[in-house]
Structure formats: C-alpha cells, structure tokens
Amino acid sequence: FSDSTALKTFGHLKSKNVFVVPTLHIGGVLSYLDEVDHSQDNYLKYMSDGIQKTYKSRIDRVKYATEKQVADRKALDDFFGKLAYKLNENGVSLLAGSDSGAYNSY
C-alpha cells in the first residue's frame, strides 16, 4: 500500500464523482468467527435456511484456519476499515449497501 498512490487515486475518484461501496460489516463478522459464536443470533430466525447455508463453507474455513490465516484475515479487515475512513476523509463519496445483499446477511 502506498499513501501517495492512494491519495492520487482518491483524488481521481473524487474528480470523476465516483461513489465507493465498501463492504465492512460482513468482513468484520467473518474475520472474528473464531471469537464470536453466531449460531444463536436473534436475526437468524428471519433468514431462510438457504441463505444460512451460503455461509457453511465460510464457517468451516474458519474452523480449519491456521493462526496465521486468522491473523491475516483480521489484519485485512482492519485495513479495509482504515481504507474506508481514508476514502471518506479525502472526499470520496461512500454508499452503504453491499453488506445488505443476500450473500452478506449472516
């Protein structure tokens, strides 16, 4: 990651009136599955079994992840949060929404 390249890119995005849609919530959820058990979450009752099944492979992947893979996933989640903040701080328009898709409902 290069700050100078990022700032140049942010300026270009802003000049073209580009809106960025960061996916932050689900990244955090998936990054911390090793620490937080979501099997009894209240909102699961509103989700179909089909939607819940889309997460089986992700949950299984966490079960068998190495310590390095877990740490890398958490570091990447942290980076995306900081990146979204920097985009906003530099005037790039942000939209919420990509976390609310069917495959990001867990």
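What follows is a conversation about the overall fold, some salt bridges, a helix residue and a surface patch.

Author: This is a predicted model, in which local features need pLDDT of at least 70 and side-chain atom pairs count only at pLDDT 80 or more, while totals for chains, interfaces and linings use all residues. Residues are numbered from 1 along each chain as its sequence is written, and side-chain values use heavy atoms, with hydrogens and water left out.

Reader: In what order do the elements of the protein run from the N terminus on?

Author: The protein has 5 helices and 2 strands, where helices (H or I, at least four residues) and strands (E, at least two) are DSSP runs numbered from the N terminus. Read from the N terminus on, the elements run α-β-α-α-α-α-β.

Reader: Is the protein more spread out or less spread out than a compact globule, and what is its radius of gyration?

Author: The radius of gyration is taken over C-alpha atoms, and the globule rule is 2.2 Å times the number of residues to the power 0.38. For 106 residues that rule gives 13 Å, and the protein is well over this, so it is more spread out than a compact globule, with a radius of gyration of 16 Å.

Reader: How many salt bridges does the count come to?

Author: A salt bridge is a side-chain nitrogen of Lys or Arg within 4 Å of a carboxyl oxygen of Asp or Glu. By this rule the count comes to 7.

Reader: Which residue forms a salt bridge with Asp 34?

Author: The closest N and O atoms of this pair are 3.0 Å apart, and the pair links distant parts of the chain, 40 residues apart, with Asp 34 in the loop between α2 and α3 (49–53) and its partner in helix α5. Asp 34 is partly exposed at a relative accessible area of 40%, on a scale where buried means under 20%, exposed over 50% and partly exposed in between (1.4 Å probe, protein chains only). The partner counts as buried at 15% relative accessibility, and that partner is Lys 74.

Reader: Where do Lys 68 and Asp 72 both lie?

Author: The side chains of Lys 68 and Asp 72 meet in a salt bridge of 2.6 Å, N to O. Lys 68 is exposed, with a relative accessible area of 57%, whereas Asp 72 is partly exposed at 40%. The two residues are 4 apart, about one turn of the helix, and both lie in helix α5.

Reader: Is Ser 31 buried or exposed?

Author: Ser 31 has its place in helix α2 (residues 25–31), and a polar atom of its side chain lies 3.3 Å from the backbone oxygen of Arg 73. Leaving aside neighbours within four places in sequence, Ser 31 is in contact (heavy atoms within 4.5 Å) with Arg 73, Lys 74 and Asp 77. With a relative accessible area of 4%, Ser 31 is buried.

Reader: Which residues make the nonpolar surface patch of about 470 Å²?

Author: One member, Phe 80, is found in helix α5 (residues 67–89) and is partly exposed, with a relative accessible area of 38%. The patch of about 470 Å² is made by Phe 1, Leu 24, Leu 76, Phe 79 and Phe 80.

Definitions and conventions
Patches are made of residues with over 30% relative accessible area and no salt bridge: like charges are joined within 9 Å, nonpolar side chains (Val, Leu, Ile, Met, Phe, Trp, Tyr) within 5 Å. Accessible areas come from the Shrake-Rupley method with a 1.4 Å probe; for residues, only the protein chains shown count as cover. A polar contact is a pair of N or O atoms within 3.5 Å; within protein, one must be able to donate a hydrogen and the other to accept it, and residues adjacent in sequence count only if both atoms are side-chain atoms.
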